[in-house]
Amino acid sequence: MVTASHVAAATTTTLVHRADQAPGWWRDAVIYQIYPRSFADSDGDGVGDLPGITGRLDHLARLGVDAAWLSPFYPSPQHDGGYDVADYRSVHPQLGTLSDMDALIARADQLGLRVIVDLVPNHTSDAHPWFAEALAAPPGSPQRDRYIFRDGTGPDGAEPPNNWGSVFGGPGWTRITEADGSPGQWYLHLFDSHQPDLNWEHEDVRGEFIDVLRFWLDRGVAGFRVDVAHGLIKDQSFPEWEGHRTMISAEESAEPAGKQAPMWDQPRVHEIYRTWREVLAEYGPERVLIAEAWVEDDRALARYVRPDEMHQAFNFQFLTTPWRAGSLRQSIQTSLLELDAVGAPCTWVLSNHDVVRAASRLGLSVTGKGPNGIGAGDPQPDGELGLRRARAGLLLMLALPGSAYLYQGEEFGLPEHTDLPGEVRQDPTFARTDGRVVGRDGCRIPLPWRSDAPGYGFSPTGATWLPQPDSFAALAADMQKGDPSSTYELVRAALRIRRDWRLGSGSLAWVDGLPANEGDLLVFTNREVVVLVNLGERAVPLPTDLEVLLASGGGDDVGPDEAVWAVIPRPADDDG
Ligand code: NOJ
């Protein structure tokens with residue numbers, strides 16, 4: 001019989017991370033990602049908007065998160081879901097106005113929520129006025145030099161300047177026609193051809209983004225999630241490159257050993273973030289920068305969060321780790337050790353608008369990074385298994401010390417839409433790969449708020465810019481609120497307990513030596529809370545005497561793909 005004393009025995013624990021007293025709201029914050037087009041639609045056009053978000057901010061407050069991060073809401077031709085920005089200081093007319101944004105920030109403030117906005121500095125939209133100026137001005141001009149234009153190679157410059165590809169498929173260069181009608185130079189776009197890369201060697205570019213930071217800081221935002229933070233500086237010799245081209249370099253990297261991709265994670269990128277940190281500091285210690293940096297490993301990631309750079313970086317190593325006890329333990333431990341070495345908090349992320357939702361990804365036969373979207377012809381996830389694992393994954397993630405990110409709908413256990421017809425797909429990847437890679441639309445479906453309403457209550461007319469799957473009916477917010485067995489109430493309880501027990505600023509010690517199912521059980525303590533996650537196929541009895549705080553399954557034992565939070569009850573006379 002295993003008792004709580006097995007868990008308590010100091011000899012079976014290995015301390016990896018100490019509880020942390022450092023100041024800073026973000027260090028243990030839970031940040032909720034809103035994808036504005038799919039959160040809530042107030043005007044019935046089927047596209048989510050800022051007033052829709054403001055009207056539902058109480059959902060976030062009631063859930064118990066600390067902040068909302070909004071994916072881009074700026075004017076944009078929407079060639080990449082708004083990550084193609086035409087004006088960094090305004091709001092896309094379909095999503096609202098600047099006053100709507102002010103109202104959103106004010107309402108968030110009333111509810112005790114901070115607002116983080118998305119900054120997209122690697123590229124603009126080709127509809128940005130600078131790009132029009134670059135096309136109108138001659139080669140070599142300062143206007144053209146704000147982007148990365150080069151002459152082509154081969155006879156008549158008809159071949160691209162080098163072999164770099166686009167992350168979304170196809171070539172990374174597009175040739176322009178010069179103002180006089182002649183075939184012209186080529187511009188670099190690491191993403192879609194409608195997203196020309198900016199030239200961060202140009203002082204206008206540096207100055208402009210400092211100004212944009214100030215624009216939003218003055219409006220009261222708590223900080224910025226920085227898109228493609230690892231991509232701004234390119235190796236100025238623009239060498240040929242045969243390595244990986246995806247955003248996700250982890251795991252399946254085809255990087256030639258010891259060679260750094262000339263477009264990613266260049267050392268000089270860090271000087272930019274040092275300058276930005278100084279700008280934020282002028283606004284006090286509470287404003288934050290968060291790096292979206294798909295880099296090789298945790299050590300490379302830690303460089304983005306050194307004390308004079310950003311405050312946080314998304315932990316994509318964790319997101320891409322296969323659902324196995326040993327792999328998860330290794331991944332969590334490495335993250336904590338590497339980030340501790342620079343004094344930054346870890347972040348924990350399982351889902352976002354770029355990856356297959358965890359409730360589906362973890363139901364595939366191979367877990368880990370997952371495919372880039374799932375189509376009707378692809379192997380389908382086991383929904384029940386995926387949801388069970390996603391719930392356990394949420395309890396794992398929310399028990400880890402550091403900051404955690406929740407992607408909208410993750411609190412409802414929403415699955416990926418896995419059979420969207422090609423005609424409705426909007427991710428540029430779909431078109432650029434001739435449909436071979438279906439892309440990210442399936443994780444961006446408008447949220448279900450009411451089970452019995454058209455469009456599941458997403459918009460007053462029932463219109464939705466992407467179709468919703470039938471499975472959303474049973475998962476709508478109104479079906480889950482108040483139901484203790486629902487994923488929503490699980491997450492809400494987890495956030496309450498996380499706060500009460502101060503898990504976000506807590507510790508992590510592995511507990512080894514429990515007899516049952518050793519290799520497949522992940523057990524750790526964070527402060528006084530014991531966390532057990534069963535990644536095996538057999539149920540594991542709970543050590544007797546442990547008092548269960550929360551369970552992703554029934555809570556009588558730790559079933560396969562379930563997690564339990566528990567405490568060792570104190571003797572009654574301990575209280576006085
Ligand atoms: C990362 C964003 O998360 C993704 O949605 C976007 O397509 C690329 N960066 C390009 O901006």
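What follows is a chat about reading a few features of this predicted model.

Colleague: Before we start, what should I know about the numbering and the cut-offs?

Modeller: Residues are numbered from 1 along each chain as its sequence is written, and side-chain values use heavy atoms, with hydrogens and water left out. As the model is predicted, local features need pLDDT of at least 70 and side-chain atom pairs count only at pLDDT 80 or more, while totals for chains, interfaces and linings use all residues.

Colleague: Let's go to the ligand. How many residues surround the ligand, and which are the closest?

Modeller: A residue is near a molecule if one of its heavy atoms lies within 4 Å of it. Here 14 residues surround the ligand, and the closest are D80, D227, H353, D354 and R440. That shell divides into 5 nonpolar, 2 polar and 7 charged residues. In this scheme Ala, Val, Leu, Ile, Met, Phe, Trp, Tyr, Cys and Pro count as nonpolar, Asp, Glu, Lys and Arg as charged, and the others, Gly among them, as polar.

Colleague: Which side chains have a polar atom by an oxygen atom of the ligand?

Modeller: Look for polar contacts: pairs of N or O atoms within 3.5 Å; within protein, one must be able to donate a hydrogen and the other to accept it, and residues adjacent in sequence count only if both atoms are side-chain atoms. A polar side-chain atom of D80 sits 2.6 Å from a ligand oxygen, and for H123 the distance to a ligand oxygen is 3.0 Å. R440 has a side-chain N or O atom 2.9 Å from an oxygen of the ligand. Taken alone, the ligand exposes 300 Å², and the protein buries 100% of that. Accessible areas come from the Shrake-Rupley method with a 1.4 Å probe; for residues, only the protein chains shown count as cover.

Colleague: Now sheets. In what order do the 8 strands run, and is the pairing parallel or antiparallel?

Modeller: Strands of a sheet pair through backbone hydrogen bonds, either parallel or antiparallel. Strands (E, at least two residues) and helices (H or I, at least four) are DSSP runs, numbered from the N terminus, and two strands pair if DSSP finds at least two bridges between them. The 8 strands form an open sheet in the order 10-9-8-4-3-2-12-11, with parallel pairing. Its edges are strand 10 (312-313) and strand 11 (347-349), each pairing on one side only. Strand 9 (residues 288-291) is joined to strand 10 by 2 bridges, and A291 stands opposite A313.

Colleague: And how are the 3 strands of the open sheet paired?

Modeller: Those 3 strands are antiparallel, in the order 5-7-6. Strand 5 (149-150) and strand 6 (173-177) are the edge strands.

Colleague: Where is S166, and is S166 buried or exposed?

Modeller: Buried means under 20% relative accessible area, exposed over 50%, partly exposed in between (1.4 Å probe, protein chains only). S166 is in the loop between strand 5 and strand 6, and S166 is buried because its relative accessible area is 3%. A polar atom of its side chain lies 2.8 Å from the backbone oxygen of F191.
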